[in-house]
Amino acid sequence: VVVGMGGKVCGFPREDHFMITVASEIMAALCLASDLMDLKKHMGDITVAYDLDGNLVKARQLGVEGAMAILMKDAIKPNLVQTIEHTPALVHGGPFANIAHGCNSVVATKLAMKMGDIAVTEAGFGADLGAEKFMDIKCRFAGIKPDAVVIVATVRALKMHGGVDKKNLQEENVEALKKGFANLAKHIENMRLFDVPVVVGINKFISDTDEEIATLRKLCEDYGVEVALNNCWAEGGKGGVEMGEKVLKLLQQPKTPYKPLYDVNASIPEKLETIVKKVYGGDGVLFEGNAQKQIKELEAFGLDKMPICVAKTQYSLSDNPALLGAPKGFKVTVKDVRVCTGAG
């Protein structure tokens, strides 16, 4: 704000807010761009202000998208590292799935697919968040679809979803494990919505007992899903052989076309209702006053025909971290709706 003669305010105050790097629009744009020139286009599409008539002002109109992109000319290159068993790994990008789209970069994934026989990538923070966003956002932008999905599960997490306090998770509790399996079953069901074969990888902890592991295997088999023990933490690559063999078997199945959960041309409320009802298992969405106003503004600008990226707790399928297992009969409350025109 510029204060002129006599204390009169000249110019326009600009309100903004702090945004953690892993949720920034720049991070999303970098991870969803196909190359440097595409990143420049994404940068140019970022909305930076409104003009006096209420129209959007994009970075391109200020002529700064080239400078923004050139700052990222090295950042757009994936980082090649190796595991202690000398397996190549591309580490690139870091949007968190509870507050952003939760996937590594399209550039890194496509590079891995080109250079390796099989590329494994992570979609972080729960299949209701990271995996849904991987399928509905990243796959849509990149024109790809995974041939198989590994859902990583732990005995400890399922016991917690079965009602065990975090302080007591190392104690054997087969009944709580059985009860908490409802959470894993919902994640399996969610991945099947996208028409992909699924295997459950049981990530073994030292405190897991033989009976608990056997129970979880049986629960998965009875549910009709492939399951394997993953003991890479203790045994390295050798501990993941069973899971690797199950994945290879799934890869032999006929490939299916890309199947997103929703049509991007549906309205914002329709897309959110689809995610909440089909993925979270809820009854619907409640929009607070500010969110309703924001949706109307986006519709007026024609900016509602884009994928939806939900920011919510990773501790529950609902928006309430205390609702564990596979809750029913809840509604998700939307407090804020904002558009990332640069990320798309």
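Predicted model: local features only at pLDDT ≥ 70, side-chain atom pairs only at ≥ 80, totals over all residues.
Reader: Let us start with a sheet. In which order do β7, β8 and β9 stand?
Author: These three strands form an open sheet in the order β7-β8-β9, and their pairing is parallel. The edge strands are β7, residues 149-153, and β9, residues 226-230, each of which pairs on one side only. From one strand to the next, the twist averages 30 degrees.

Reader: How many bridges join β8 and β9?
Author: Strand β8, residues 198-203, pairs with β9 in the parallel sense over five bridges. Within this pair, Asn-203 stands opposite Asn-230 in β9.

Reader: Which strands does α7 touch?
Author: Helix α7 packs on the sheet and touches β7 and β8. The direction of α7 makes about 165 degrees with that of β7.

Reader: How do α7 and α8 cross?
Author: Helix α7 spans residues 174-192 and helix α8 residues 210-223; their axes come within 10 Å and cross at roughly 40 degrees. That angle makes α7 oblique to α8. The crossing of the two helices is right-handed.

Reader: Which residues of α7 and α8 meet there?
Author: On the α7 side they are Val-174, Leu-177, Lys-178, Phe-181, Leu-184, Ala-185, Ile-188, Glu-189 and Arg-192. On the α8 side they are Glu-211, Glu-212, Thr-215, Leu-216, Leu-219, Cys-220 and Tyr-223. By class, this contact of α7 with α8 has 10 nonpolar, one polar and five charged residues.

Reader: Changing topic: at what angle do α1 and α2 pack?
Author: Helix α1, residues 25-32, and helix α2, residues 36-44, pack at an angle of about 150 degrees, with their axes 9 Å apart. An angle over 145 degrees counts as roughly antiparallel, and α1 and α2 are therefore roughly antiparallel to each other. Their crossing is right-handed.

Reader: Which residues make that contact?
Author: Ile-26, Ala-29, Leu-30 and Leu-32 of α1 make the contact with Asp-38, Leu-39, His-42 and Met-43 of α2. In the contact of α1 with α2, six residues are nonpolar, one is polar and one is charged.

Reader: What about α5 and α11, at what angle do they pack?
Author: Helix α5, residues 126-142, and helix α11, residues 268-280, pack at about 130 degrees, and their axes are 11 Å apart. The two helices are therefore oblique to each other. In passing α11, α5 makes a right-handed crossing.

Reader: Which residues meet between α5 and α11?
Author: Asp-128, Leu-129 and Glu-132 in α5 meet Ile-275, Val-279 and Tyr-280 in α11. The residues of this contact divide into four nonpolar, no polar and two charged.

Reader: One last item: in which sense do β3 and β4 pair?
Author: Strand β3, residues 47-50, and strand β4, residues 56-58, pair in the antiparallel sense over three bridges. Tyr-50 stands opposite Leu-56 in β4.

Reader: Which residue takes a positive phi in that hairpin?
Author: Gly-54 does, with a phi near 85 degrees; the hairpin of β3 and β4 has five residues between the strands.

Methods. Residues numbered from 1 in each chain as written. Heavy atoms only, no water. Axes fitted to C-alpha atoms, helices over the stretch in contact; angles between N-to-C directions. Helix = DSSP H or I, 4+ residues; strand = E, 2+ residues; numbered from the N terminus. Parallel < 35°, antiparallel > 145°, perpendicular 65-115°, else oblique. Left-handed = near helix turned anticlockwise from the far one by under 90°. Contact = heavy atoms within 4.5 Å. Nonpolar A, V, L, I, M, F, W, Y, C, P; charged D, E, K, R; others polar. Pairing = 2+ DSSP bridges.
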